[in-house]
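This briefing concerns one protein chain. Please keep the sequence and the coordinates at hand while reading.

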Amino acid sequence: MKGQDDRQQTARGKGQSAARQSRPTASTGGGAAQDAAVLAELRPGQSVELLKELHILTREGRLNQDSRRKLKQVYHLYQFIEPLLADAAQDGHAPLLADHGAGKSYLGFILYDLFFKQLGRGEIYGIEWRAELVQRSRELAARLGFARMHFLDMSVADASAAAQLPERFDIVTALHACDTATDDAIAFGLAKQARAMVLVPCCQAEVAASLRQNKALQLSRTPLAELWRDPIHTREMGSQITNVLRCLHLEASGYQVTVTELVGWEHSLKNELILARWTGARKRSAAERLTAILDEFGLRQALGARFGVS
């Protein structure tokens, strides 16, 4: 990983250097220095007009602190996804990417702008249950000429059976898909035989609710239940256990899993990034540990089916 990170840092440094030479000069006047600082933060080839349409940049081309955090998250996630797309695009293949819980489709639009547009093939499907956001994304894609972007107003859970979606996808992403939507995205990826999944979980409440329900029984059974006696610990333990179960489920299903930080904690508290690559090697030990953890925490009856345990 360190060698790969070093190569990414080197490539990024070279790209930023070239971009500073090729980008348009900031407008003259009192805001020239601010304009130049904004341009220096953008990736090479990034459309300024797209960022304005997404309201990441103001109409004057400025970047406020909240937008800077959003852009930093999406760019950092792009660094993980771009090599996966490049691998999927080999031998003339047209990569297919599904973005679950797409929201305003920041990630999808930037992926298209920086990768798919230049590649000239491949498609992105943004899946979002809020119809007004889907319609807005459709209109923006039409204005920008992003013809290979598609948007569906449906839940993540319903997407696997949707007839208008391809039978297979190369990459599945879910950035801050709330609660069980991340599990639904994993189920979608498994059903679609995805080569890779890139997941940033958010707001996991289901396991915490089960821990609260069984708290009295667990306190009498094991001293480990002290780890979730208090409500704030219950919430954090629920989140931790959920992500561990997800990783074991992916490993048991034939994926190599890496867990890391998305960005610095000062930018987002929902910061865990799960990167899964298909290898076909289904780990029996992962399946056994998954079952053991469900049993240890009294979660098997409530959650076993979600993680492939009967």
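Which residues does aspartate 170 touch, not counting residues up to four places away in sequence? They are Ala88, His93, Ala94, Pro95, Leu96, Ala194, Arg195 and Ala196, where contact means heavy atoms within 4.5 Å.

This is a predicted model, in which local features need pLDDT of at least 70 and side-chain atom pairs count only at pLDDT 80 or more, while totals for chains, interfaces and linings use all residues. Residues are numbered from 1 along each chain as its sequence is written, and side-chain values use heavy atoms, with hydrogens and water left out.

**Chain overview**

- The chain comprises 13 helices and 7 strands, taken as DSSP runs numbered from the N terminus (helices: H or I, at least four residues; strands: E, at least two).
- Of its 310 residues, 47% count as buried (under 20% relative accessible area; exposed is over 50% and partly exposed in between, with a 1.4 Å probe and protein chains only).
- Among contacts between residues at least 6 apart in sequence, 72% join residues at least 24 apart.

**Aspartate 170**

- Aspartate 170 belongs to the loop between helix H7 (156–159) and strand S4 (171–178).
- Its relative accessible area is 7%, so aspartate 170 is buried.
- A polar atom of the aspartate 170 side chain lies 2.8 Å from the backbone nitrogen of leucine 96.

**Positive phi outside glycine**

- Aspartate 91, in the loop between helix H4 (65–88) and strand S1 (96–100), has a positive phi near 60°.
- Aspartate 91 is exposed, because its relative accessible area is 84%.
- Serine 105, in the loop between S1 and helix H5 (106–119), has a positive phi of about 65°.
- Serine 105 counts as buried because its relative accessibility is 2%.

**Packing of H11 and H12**

- Helix H11 (residues 231–252) packs with helix H12 (residues 284–296) at an angle of about 150°, their axes being 8 Å apart; axes are lines fitted to C-alpha atoms over the stretch in contact, and angles run from 0 to 180 degrees between N-to-C directions.
- H11 is therefore roughly antiparallel to H12 (over 145 degrees; under 35 is roughly parallel, 65 to 115 roughly perpendicular and the rest oblique).
- Residues of H11 including Ile241, Val244 and Leu245 meet residues of H12, among them Ala286, Leu290 and Ile293.
- The residues of this contact divide into 10 nonpolar, 1 polar and 2 charged, where Ala, Val, Leu, Ile, Met, Phe, Trp, Tyr, Cys and Pro count as nonpolar, Asp, Glu, Lys and Arg as charged, and the others, Gly among them, as polar.

Key
A polar contact is a pair of N or O atoms within 3.5 Å; within protein, one must be able to donate a hydrogen and the other to accept it, and residues adjacent in sequence count only if both atoms are side-chain atoms.
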